[in-house]
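Please look at the sequence and the model below.

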Amino acid sequence: SLTGSSEFDEAVERANQLRTQLQKLDEGAESLTCDVDAAKEEKRQVEASVLQLTRSAEVVGARPDRIPDRAECERLLDAAKERMHTQEEQLALQCSIEELERQVQDKRQIYELRSQQLRNEKEKWNSMRNAQKRRKASYKHRRVNESKQVDMKFSMILKQLHMGGNVIVDYDERTLGILVNNGQAGMEAVQQQTSSLSGGERSIATTSLLQAIGYRLDCPFCLVDEFDVFMDAARRRTVMQQMVSALRQRRGRQYIFVSPLAKEDIPQGDDVNVVELRAPRRPGAGGDA
């Protein structure tokens, strides 16, 4: 009857629609991992129904053994829609999981990058700390060595002046002191603080200390002012000869000595230049005001 054919055509059209939707579901179902077996089973059932309807429709003039009624077709269509809706939800959930996994991967990469940067900074910090320890140890060793060198040079200079002494450096207290013996009979082993020395002996000790320290400094010039004012003539002559002789061994440096005393005790030479200044003129003392 016409009613039966119309229902059959409608069923075929719906079957085609189901086939199209099934193909879409088939493409989306490939990304699923957990429910793939159940989806395939449902797919086979739907394909069997569609195949049965398609074969019946392809036979020209032939009528199927059994034409599904409207209620059965609607039931199959509703079941397919329900499966499609379920799979769409699963696909959406799968997309959400994939997005979360992508975000986790991005965060993990950032974490690894920051961890590597932290390791690099720790290596730099450890390297700097080790370098600081080495520099501190080198500094302590060097300051002890410098104090020994200054003490040894100080003793050698005083020995040339027929005296003796030592330099005492206390880095913890940040003090520097000297002990001197004047080399007199019976006083060779007695060392005195500079406060107990005479003015000339104190000047000799101070000058010797400056020379000893100067040997450990790389300074292009040195200026010493009135170092000999408390020395007697004999000590001044001895000290001047010793200083000029010692400084001639240190080429490439310039030394300037300022003294108010006579210039006759200064050793002469091509490398010694003596400049004598005129006495200052005071207003009212005679001559021009």
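Lys124 and Glu121 are about one helical turn apart, because they stand three residues from each other in helix H3. Helices here are DSSP runs of H or I with at least four residues, strands are runs of E with at least two, and both are numbered from the N terminus. The side chains of Lys124 and Glu121 meet in a salt bridge, with 4.0 Å from N to O. A salt bridge is a side-chain nitrogen of Lys or Arg within 4 Å of a carboxyl oxygen of Asp or Glu. Side chains of opposite charge can pair when their charged atoms come close. Lys124 counts as exposed, because its relative accessibility is 51%. Glu121 has a relative accessible area of 47%, so it is partly exposed. In these terms, buried means under 20% relative accessible area, exposed means over 50%, and partly exposed lies in between, with a 1.4 Å probe and protein chains only.

The model is predicted: local features need pLDDT of at least 70, side-chain atom pairs count only at pLDDT 80 or more, and totals for chains, interfaces and linings use all residues. Residues are numbered from 1 along each chain as its sequence is written, and side-chain values use heavy atoms, with hydrogens and water left out.

Helix H3 covers residues 70-160. Which residue forms a salt bridge with Arg102? The partner is Asp106, and the closest N and O atoms are 3.0 Å apart. Arg102 and Asp106 are four residues apart in helix H3, so about one helical turn separates them. Arg102 is partly exposed because its relative accessibility is 42%, and Asp106 is partly exposed because its relative accessible area is 30%.

Arg142 and Glu146 also lie in helix H3, four residues and about one turn apart. Their closest N and O atoms are 4.0 Å apart, and the two residues form a salt bridge. Arg142 has a relative accessibility of 56% and therefore counts as exposed. Arg142 and Glu146 are linked with Arg216 in a network of salt bridges. The structure holds five salt bridges.

Now consider the whole chain. It has five helices and five strands, and along the sequence they follow the pattern α-α-α-β-β-β-α-β-α-β. Of the 289 residues in the chain, 25% are buried. Among contacts with a separation of 6 or more, 62% are between residues 24 or more positions apart; contact means heavy atoms within 4.5 Å.

Is Ser208 buried or exposed? Ser208 counts as buried, because its relative accessibility is 1%. This residue lies in helix H4 (residues 199-214). Apart from neighbours within four places in sequence, Ser208 is in contact with Phe154, Ile157, Leu158 and Leu161.

The chain exposes about 21,200 Å², of which carbon and sulfur atoms supply 52%. Accessible areas come from the Shrake-Rupley method with a 1.4 Å probe, and for residues only the protein chains shown count as cover. Leu223, Ile256 and Val258 make a nonpolar surface patch of about 250 Å². Patches are made of residues with over 30% relative accessible area and no salt bridge; like charges are joined within 9 Å, and nonpolar side chains (Val, Leu, Ile, Met, Phe, Trp, Tyr) within 5 Å. Val258 lies in strand S5 (residues 254-258), and Val258 counts as partly exposed because its relative accessibility is 36%.
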